[in-house]
Every structure is written in structure tokens, then in C-alpha cells.
Amino acid sequence: MRRMFWLGIGVLTGVVLSRKAGTKAQAFTPAGVAANLGDAISELASAVGSFGADVRAGMNEREGELKEVVDRANDPGRHSSYSRSTDRVSQSRERRSWEAEDGNVRNRRARRAGS
């Protein structure tokens with residue numbers, strides 16, 4: 001009885017190992033390599049496609065944000081922080097040009113240099 005048990009275990013182990021070895025050997029045949037390569041290319045294509053979709057979604061979101069900023073800046077009845085900051089920049093540029101015309105800038109620089 002013991003011999004029949006161990007014979008059964010040996011046969012079962014042989015069948016399992018034989019099947020595993022057959023599937024591994026099939027993976028290294030030209031047809032198996034082609035199937036593996038096809039799966040890899042398909043996976044790569046789906047990854048590239050999802051990356052492209054993420055990029056397009058990000059572009060659309062950013063475009064909406066930029067349109068909103070431009071619309072706020074172009075709306076004359078509404079003063080946003082963006083339009084106020086651009087007004088300050090233009091005012092400081094005008095002030096600098098007036099000071100340059102008067103020569104005040106050169107005089108200040110000379111005083112700072114100690115001459």
C-alpha cells in the first residue's frame with residue numbers, strides 16, 4: 001500500500017512538472033516569442049495612449065485657466081489683482097522714464113557711489 005501511495009505521488013509530480021516544462025518550452029518557440037512580443041507591444045501602446053490622454057486633459061485644464069485670466073484682464077468693469085499689478089508695473093515704468101529725463105537717476109547713483 002505504501003508503494004502505491006509513493007508511486008501515485010511520483011506520477012502526479014511528474015505530470016505537473018511535465019506540464020510546466022511544456023509551457024516554458026512553448027514560450028521559447030518562435031510562436032511563443034511572437035505572442036509575448038505582441039502582448040508587450042500592446043501594453044506599451046495602451047500606456048502611451050493613456051499618457052497622451054493625461055497630457056491632453058492637462059492642456060485643456062491649463063488652457064481654461066489661462067482663458068479665465070485673460071478674460072478677467074480684458075474685462076474693463078472688473079479690477080482683478082492681475083490688472084492692478086499690471087497697472088502698478090506700467091506706473092513704475094512711467095515714473096522711471098520721467099526720472100531719467102530729469103536726470104534724477106544719475107544724481108542718485110552718483111550719491112550712492114560717493115562721488
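Start with Lys67 and Glu63. Their side chains form a salt bridge, with 3.7 Å between the closest N and O atoms. This is a predicted model. The pair falls inside the 4 Å cut-off for a salt bridge. Colour Glu63 by accessibility: Glu63 is partly exposed, at 40% relative accessible area.

Next, select Arg72 and Glu68. Here too the side chains meet in a salt bridge, at 2.6 Å from N to O. What separates Arg72 and Glu68 along helix H2? Four residues, or about one helical turn. Check the surface at each end. Arg72 is partly exposed, with a relative accessible area of 29%. Glu68 is partly exposed as well, at 45%.

Then move to Arg62 and Glu65. Their side chains meet in a salt bridge of 3.1 Å, N to O. The spacing in this pair is three residues, again about one helical turn within helix H2. Select residues 30-74 to display helix H2 from end to end.

Finally, show every pair together. How many salt bridges does the structure hold? Three.

Note on methods. Residues numbered from 1 in each chain as written. Predicted model: local features only at pLDDT ≥ 70, side-chain atom pairs only at ≥ 80, totals over all residues. Heavy atoms only, no water. Helix = DSSP H or I, 4+ residues; strand = E, 2+ residues; numbered from the N terminus. Buried < 20%, exposed > 50% of the residue type's maximum accessible area, 1.4 Å probe, protein only.
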